[in-house]
Amino acid sequence: MKIRPTILLNLLLLAVFTFAAVSAWRWPFATRLFVWAISVPALLCLLAQLGIDLRQTNQAEMSENVLETADLPVDRSVPPKLVLHRGLNFLAWLLGLFGAIWLVGFQAATPLFMILYLKIQARSGWLLSLVLAAMIVAVQFVLFDRLLQIAWPEGVLISWFEEIIQG
Amino acid sequence: MIEAATQAAAALVSPERIAFLFIGVVMGLILGAIPGLGGLIGLTILIPFTFDFDPTVALPMLIGLLAVNTTSDTIPGVLFGVPGTAASQATILDGYPMAQRGEAGRAFGAAYMASMLGGIFGAVVLAVSIFVLGPLVLAFESPEFFMLGIFGITMVGTLSGKFPLRGISIGFFGLLLAMIGLDPQIGLPRWTFNSIYLLDGLPLITVALGIFAIPEIADMVIKGTQIADVPKEALGGRAEGIRDAFRNWALVLRGSAMGVWIGAIPGLGGSVVDWFAYGQARQTCKGASETFGKGDVRGVIAPECANNAKDGGALIPTILFGIPGSGSMAVLLVAFMIMGLKPGPAMITTQLDKTYLMIWSLAVANVFGTGICLFFTPQLAKVASIRIHLLAPVVVVVVFLAAFQATRSLGDLVALIVFSLLGWSMKRAGWSRPPLILGLVLGSIIETRLYISLQLHGAGFLLRPVVLVILLLIIATVGYGAFQERRSKQQWVKVPVRDED
């Protein structure tokens, strides 16, 4: 038997609310009052929901329509294993972009990400990849650099190189 | 009030504000035409770029974006049978069969005109509501606003899905997240884990981008959709469709009224409004039981006027009580906070000009949106067929840049990735996301109102008559939630558990 994602999410929230309620114990009354006022009913709701979900785990799985929420719709046409595989792949790209920003800074990381994603993931031609990357660089320069005057954080690698050069 | 309305109209017609409204409308139309994106995502991405704008410029642009994506969402729905947004699902039932028999142009004409009329109807109702509900809002004090905040989260949580306990819990989780940072009363750091970044609390916009924008892009990449080419029949017959909308004026009025009503109920919003309007049209229109679902233009008109009218309705509780009528309105509340606008009495007293500016923007945006759609449907249809793998890296980079705008720290990017993971997990596991944002937005307001109420009235504030009425409404809402929970349990299907599950 495998635990459904909704139960894992429920357990995570239970842990968070329990931590919140316990850690507020040593705070002054005025500060901890609101924490308890929301943690206690939330814990009750989560426990009730967990009970409902666990009772169903062994014999049943949810029909697709039961998962409907007043949120943007979820497409369930892709098999779960493929969803996980593609989801992790996309997460790796996000982490890659973050890592690149941390190492070489925004200005170098964004065109690098654009070109690599378009070439490797989208399998686009060089011309299209370079044009789209150039467009992003232009937007970044005009909107963020000039108009919003953002002070970009320097990449860690760039800082190291500067330190080495300066002795 | 009339003076404020006139001043707001005069303010809107300045070239600068009209230009920004127009930019918002164009962005809203493009986002509406791309299946999977839409106003909520667009708004979340756009807000960080308006940080330095004057509210009288930013508001028309944001309202413009929000008002029209339910106008252009008809395009992929009618041409490809894929809804542009959740609010146009019912339109497909008759719009797509019309396109298949060569009447796409007529369906577009009817849909655009119905959208415009519905949008203007919503704006008029919103303006009237300011007059009618104004005195009620002014009579409220901190205890009532504290209770209204709790009521809003309970209601959005309860009505936002078939698992109300999850909705309420996630709304309270949003409140908990809002408490991260310095305590407003005594300056005690709460759950900052010695991080300087967390001392000022989590930036609303970074959390919103993580919860909504990245998970949507991820799902589009996972699905890897590629829509077919645009058929030629997207061009002709729109004038006939426009005449259809006017011929069915009573249906337009009924659908618009239903749209406003559904929009004003917190937690319902876009994903059901079209179905309600379609259902009432099917019940009330002559001969509908035989023709609906087979390409009846009335089946296009009813949901289209309702889904544009809903924004006017959703703005009523958002502006007057700080209770958003939908997920988009929860994100709009984030924009209000950033601009220094406080929903409630101030919106009908000191900020009345801003309120009317929003109403005028809503009406004018619908006219602009319809005009642009009538002339540029083929071009917008091409946007709808862009390959997602080309779109995804562009949107990801823009989202990263937008998130970094919040506090201009790398911590924003860490928060973005953490909340993206949470948002995607919530979406896939069937936990509604709008209550989280609502809790985060209302957290500081509710906590401050509670503190003031206790200081001024002690625990006795709970016995004030209006507070008691709201408390009863909260109990009724939770009771309704429990009833819904029981009903949803009956929908479980008993099948053997597969290994991969």
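**Ground rules**

I number residues from 1 along each chain as its sequence is written, and chains are lettered from A and ligands numbered from 1 in the order in which they are written. Since I'm on a predicted model, local features need pLDDT of at least 70 and side-chain atom pairs count only at pLDDT 80 or more, while totals for chains, interfaces and linings use all residues; side-chain values use heavy atoms, with hydrogens and water left out.

**Chain B, the overall look**

I looked up the secondary structure and got 22 helices and two strands for chain B. Helices (H or I, at least four residues) and strands (E, at least two) are DSSP runs, numbered from the N terminus.

Next I checked the radius of gyration, which is taken over C-alpha atoms. The globule rule is 2.2 Å times the number of residues to the power 0.38. For 501 residues a compact globule would come out near 23 Å, and chain B has 22 Å, so the two agree. Its C-alpha atoms fill a box of roughly 70 × 60 × 50 Å along the principal axes.

I also looked at burial, where buried means under 20% relative accessible area, exposed over 50%, and partly exposed in between (1.4 Å probe, protein chains only). In chain B, 64% of the 501 residues are buried.

Then contacts, meaning heavy atoms within 4.5 Å. Of the chain B contacts with a separation of 6 or more, 79% join residues 24 or more positions apart.

**Chain A, the overall look**

Chain A has six helices and zero strands, so I'd jot down its pattern, by the DSSP runs, as α-α-α-α-α-α. Buried residues make up 41% of its 167 residues. Residues 24 or more positions apart account for 56% of the chain A contacts with a separation of 6 or more.

**The cores**

I looked for nonpolar cores: sets of buried Ala, Val, Leu, Ile, Met, Phe, Trp, Tyr and Cys residues joined through side-chain atoms within 4.5 Å. The largest has 203 residues, and those with the most contacts inside it include Phe90(A), Leu209(B) and Phe400(B). Another core, of five residues, lies apart from it, with Met258(B) and Val273(B) among them.

What does Phe90(A) contact, leaving aside its neighbours within four places in sequence? I found Tyr117(A) in chain A, plus Ile214(B), Ile217(B), Ala218(B), Val221(B) and Val396(B).

Leu118(A) is in helix H4 (residues 106-121) of chain A. I get a relative accessible area of 0%, so Leu118(A) is buried. Beyond its neighbours within four places in sequence, Leu118(A) has contacts including Leu132(A), His389(B), Leu390(B) and Pro393(B).

Thr44(B) belongs to helix H3 (residues 39-46) of chain B. Thr44(B) is also at 0% relative accessible area, so I call it buried. With neighbours within four places in sequence set aside, Thr44(B) is in contact with Ile205(B), Ala208(B), Leu209(B) and Val331(B).

**A loop with positive phi**

Most residues other than glycine have a negative phi. Trp191(B), though, has a positive phi near 50 degrees, and Phe193(B) likewise has a positive phi near 50 degrees. Trp191(B) lies in the loop between strand E2 (189-190) and helix H10 (196-199) of chain B, and Phe193(B) is in the loop between E2 and H10.

Buried or exposed, what is Trp191(B)? Trp191(B) is buried at a relative accessible area of 10%, whereas Phe193(B) is exposed at 58%.
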